[in-house]
Each structure stands twice: as structure tokens, then as C-alpha cells.
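Subject: Structure handover

Hello,

I am handing this structure over to you.

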Amino acid sequence: MRLLRMVVLVSLALASMGEGEAKACSCLRQDFGGGKLYVGAGGSVPADAEGFAWTGGEKLTSAKGRVTVVRVDGKKKVPVKYTIVEKGPLEVIVPAAKFKPGQVYEVTVREGPQAAETRKNLDPGATNVPPPETTTTVTIAAGPLTLPQATLTASAPAQEKISVAHPASCSAEIEAATAALKVELPAEAEPLREYLVYETRVDGAVWNASSGLCNHVDPGRTWTGEAGTDKLFVACEQPDALKPGRHKVEVEVASPDRAKVITTPAVELELACAAAPPPAAEPSTPAPAPSEPQEPPPVAKKGCSVGDPGSFAWVLGVGLLFARRRRRAG
């Protein structure tokens, strides 16, 4: 009920926000199901493993009776006593007796009390919710974990669009220079690739990337999903997580109980986006064509008056008449 009330409170808070605030990323996640065990191919675990490494939403110690371990002995299933030990972000289910090669176990883990309570309020027809418990069959390998030196390979850098975590919208698509990483294990350790845990370090710092703020990544895994792989990127605009230039990369490889830990030899790679093309020049506006010169009105052939010949003749006649009258008066 506590989680359900939280959902209601978050909904009310978003309803009271302005449009800009409501667009901010908000994650409310509930892990249903029994989590997962770290096992190799065919459910194998090395004979020298401390126990069954597990990860999930709520700690195994959150309630009694969440874990049942039995050893399969022919047609019989023998209950096994165990303790739970925390190993960093993982928990290890440690049987009272050490493993022996060839033994087969069934480990059942039930979801935590919060998930069980929230499940009561789910739509019974929901199909994307895992079952409330998970049973994993585990076979103890013939020998101990052999983990000699592993190597790290990096792909040629490429420029592409990728989705990354973003504080405002949870996820955003960006243009970035990228390089894919993969740990190459020796042949004897390859069947245990899924059993092992990995941590990428770039220039000595742990590299953690995600395609979205609400996306969960299991301990010892990366945002690429497949065990022993990762991807580095440098954003082409406003690089933050990683700056353009040359970087030294290495990966720590370990057993989940950290009884055995190695680090790959470092590789160096250059990550930078291609220079942006210069902006296209704006088309120039053509100069206006010169206007045709206008011809002045015609000038009279006699005198400096500008007008038509009829007007000039009328002025001349008035002058002659005035001259005759002055002679007569004289």
C-alpha cells in the first residue's frame, strides 16, 4: 500500500506542476519476481565458488523464507541449509557444505514483501510481469574457476546517433563518436562468461552509461546488456560524460564473490566527432540593372526658352506691336 500511495502522490505532484516542470523525468520502479542468479552456460558454477550469487529488487534479508535450496540426489531432493552474505551490490547464498563437482541444486527465490503487496493491485491480465518466484537449476562444474589474463578489444570509432540518459526527458537521442568494447576470455573461461562480473574503467575512473534514467542495469553488467561488453561515447555537442581525445580503457573481470579478480591490459583509443561542415554561404542578391537615361525636352532653336514654337511666335508679335505704338506717340 505504501508504494500505491507513492504513485498517487507522484501523480498529484505532477498535476500541480507547470507544463515545463511536469516534463522532467520521474522514475518509479518496482522489481517483481525472484531476481536472477549468476550462472554460466547450462547453469554451471565453478566448484570453488563460495555460493550462489544473486541480484534483485529487494534484499534477500528483507523477509524470512524467501529462499529455498535443495540438492537433487537422484529422485530425492535434499534440503540445504544456507546463510546469506553481502558482496558489494550482490548477495551470495552460501550453503552450509562446500560444493562438490557434479552436484545439482535447485535454488528458488521469491519476490520481496513490497513487490508482493504491490502485485495485489495489478491487473490480473497483465502479461509483462514476471512470476512471483524463480527456480534455477545449478550444476557444479568439474573444476575450479580458471581465470588467466583476459584481453580487451575495441572497435574502430564510428559516428552515430544513440540514446543516452537525460535529466529532463529521461532519455535523449544525440550524435556521438562511439567505440564498442568486448572482453575476450580464454577458452577455458568462456563457458562462464555469464557467471563473471565486469567493470569498465576509462582513464582510471569507472565508466557507467545508460540509455535512460529509468533503465536498470544489473551489477557487473553494462548498458549494452551482453556480459563482458560495453560502449564508450563522446557527444558531438556539449560533451560531458567523456571529453574528446585519447583515452586509456581497461576492464576488471571477477567472480561474483570476488575470490578471483583480474584486469585486462589497457587499450588506448581516440574518440572525437568529425568537424562540422562550414555553414553554406547565403546566395548573393544581384545588383539592380541601371535604369535607362531619360532624354531632356527639346530646346528651341532660337533663344534659351524651352517650349513649343507657337508660344515663341505669340511673344514676338506682342513685342512688335508695342514698338509701333511708341513710334506713333513720338
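This is a predicted model: local features need pLDDT of at least 70, side-chain atom pairs count only at pLDDT 80 or more; totals for chains, interfaces and linings use all residues.

Look for Val 72, which stands opposite Val 104 in S8.

The cores

The largest nonpolar core has 50 residues. Phe 52, Ile 93, Leu 232 and Val 253 touch the most other members. Strand S12 (residues 170-184) gives the most to this core, with 5 residues. In general, nonpolar side chains in soluble globular proteins tend to be buried together.

Leaving aside residues up to four places away in sequence, Ile 93 touches Leu 37, Gly 51, Phe 52, Leu 60, Val 67, Val 69, Tyr 82, Thr 83, Val 107 and Val 109. Another core, of 5 residues, lies apart from the largest one. Its members include Tyr 38, Ala 53, Val 197 and Ala 254.

The rings

The structure holds 5 aromatic pairs. One of them joins Phe 52 and Tyr 105. Their ring centres are 5.4 Å apart and their planes are at 65°, so the pair is edge-to-face. Phe 52 lies in strand S3 (residues 52-55) and Tyr 105 in strand S8, so the contact ties together parts that are 53 residues apart in sequence. Phe 52 is buried, at 2% relative accessibility. Tyr 105 is also buried, at 4%. Ring pairs link Phe 52, Phe 99 and Tyr 105 into a cluster.

Trp 207 lies in the loop between strand S14 (205-206) and strand S15 (229-235), while Phe 233 is in strand S15, so the pair ties together parts 26 residues apart in sequence. Trp 207 is buried, at 8% relative accessibility. Phe 233 is buried as well, at 9%.

Tyr 38 has a charge over its ring: the charged end of Lys 36 sits there, 4.8 Å from the ring centre.

The salt bridges

The structure holds 17 salt bridges. Among them is the one between Glu 194 and Arg 221, whose closest N and O atoms are 3.9 Å apart. Glu 194 lies in the loop between S12 and strand S13 (197-202), and Arg 221 in the loop between S14 and S15, so the pair ties together parts 27 residues apart in sequence. Glu 194 is partly exposed, at 41% relative accessible area. Arg 221, at 11%, is buried.

Glu 268 and Arg 246 also meet in a salt bridge, at 3.0 Å from N to O. Glu 268 is in strand S18 (residues 267-271) and Arg 246 in strand S16 (residues 245-254), 22 residues apart. Arg 246 is exposed, with a relative accessible area of 52%.

Finally, Arg 258 pairs with Glu 252 in a salt bridge, the closest N and O atoms being 3.1 Å apart. Arg 258 is partly exposed, at 45% relative accessibility. Glu 252 is buried, at 10%. Salt bridges that share partners join Glu 199, Arg 201, Glu 252 and Arg 258 into one network.

Best wishes

Technical notes. Residues are numbered from 1 along each chain as its sequence is written. Side-chain values use heavy atoms; hydrogens and water are left out. Two strands pair if DSSP finds at least two bridges between them. Helices (H or I, at least four residues) and strands (E, at least two) are DSSP runs, numbered from the N terminus. A nonpolar core is a set of buried Ala, Val, Leu, Ile, Met, Phe, Trp, Tyr and Cys residues joined through side-chain atoms within 4.5 Å. Buried means under 20% relative accessible area, exposed over 50%, partly exposed in between (1.4 Å probe, protein chains only). Contact means heavy atoms within 4.5 Å. Rings of Phe, Tyr and Trp (its six-membered ring) pair if their centres lie within 6.5 Å; planes under 30 degrees apart count as stacked, over 60 as edge-to-face and the rest as tilted. A charge sits over a ring if NZ of Lys or CZ of Arg is within 6 Å of the ring centre and within 35 degrees of the ring normal. A salt bridge is a side-chain nitrogen of Lys or Arg within 4 Å of a carboxyl oxygen of Asp or Glu.
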